[in-house]
Amino acid sequence: MTQRVDLAALRDRLAVDDLISGYAAAVDDGDRSAYRALFTPDGRADHRGAGGIEGPAAAVADWLAETADRFPVRPHLIVNRRFHFPSAGGFPERGDLAEVRADYVSPLPHGAGEGVAGGRCAFTALRTDDGWRLRSVVVEERWRRPH
């Protein structure tokens, strides 16, 4: 593998990582416009595994923004990111598809007091003329604890 391919692979990985960080910020801020801009035109999100909805990114953006208003504390962490770039043209690092699995931890109101929840996100991103965009996001809550 040449240094040029290594640098291109690193650039792609950083761009996809930035996309996922943008996703977390848009969800935390309840920013519908920022959330929609992260997705391809046919992008979808599935939050059913965490008590939410599934559908086109625009509809999920509206639901997230409306839901966010009920939560006094919204920031969450997306951690333990594992990247996979399926092979394309013999260079697995330079495909137009990226798959990322990551864990999340999020404070949230739970009953009468606040709690914390965590789970896993599966992201699929595509390289587009406008850069990397999300094609799909699947969120699955795996645990929840009240304080």
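Buried means under 20% relative accessible area. The structure shown is a predicted model.

**View 1. The largest nonpolar core.** This core holds 29 residues, and Y23, Y35, F39, F123 and L134 touch the most other members. Two or more residues each come from α1 (3–29), β1 (39–49), α3 (57–68), β3 (77–84), β4 (97–110), β5 (113–128) and β6 (131–146). Helix α1 gives the most, with 7 residues.

**View 2. Surroundings of Y23.** Y23 has a relative accessibility of 2% and therefore counts as buried. Apart from neighbours within four places in sequence, Y23 is in contact with Y35, L38, F39, H47, I78, F123, L134, V137 and V139.

**View 3. The aromatic cluster of Y23, Y35, F39 and F123.** These four residues form one cluster, and the model has 4 aromatic pairs by the ring-pair rule. The ring centres of Y23 and Y35 are 5.6 Å apart with planes at 45 degrees, so this pair is tilted. The pair joins distant parts of the chain, with Y23 in helix α1 and Y35 in helix α2 (residues 32–37), 12 residues apart. Y35 has a relative accessible area of 1% and is therefore buried. The rings of Y35 and F39 also make a tilted pair, because their centres lie 5.0 Å apart and their planes are at 40 degrees. F39, at 7% relative accessibility, counts as buried.

**View 4. A nonpolar surface patch.** L7, L10 and L14 make a patch of about 300 Å². L14 lies in helix α1; its relative accessibility is 53%, so L14 counts as exposed.

Notes: Residues are numbered from 1 along each chain as its sequence is written. This is a predicted model: local features need pLDDT of at least 70, side-chain atom pairs count only at pLDDT 80 or more; totals for chains, interfaces and linings use all residues. Side-chain values use heavy atoms; hydrogens and water are left out. A nonpolar core is a set of buried Ala, Val, Leu, Ile, Met, Phe, Trp, Tyr and Cys residues joined through side-chain atoms within 4.5 Å. Buried means under 20% relative accessible area, exposed over 50%, partly exposed in between (1.4 Å probe, protein chains only). Helices (H or I, at least four residues) and strands (E, at least two) are DSSP runs, numbered from the N terminus. Contact means heavy atoms within 4.5 Å. Patches are made of residues with over 30% relative accessible area and no salt bridge: like charges are joined within 9 Å, nonpolar side chains (Val, Leu, Ile, Met, Phe, Trp, Tyr) within 5 Å. Accessible areas come from the Shrake-Rupley method with a 1.4 Å probe; for residues, only the protein chains shown count as cover. A salt bridge is a side-chain nitrogen of Lys or Arg within 4 Å of a carboxyl oxygen of Asp or Glu. Rings of Phe, Tyr and Trp (its six-membered ring) pair if their centres lie within 6.5 Å; planes under 30 degrees apart count as stacked, over 60 as edge-to-face and the rest as tilted.
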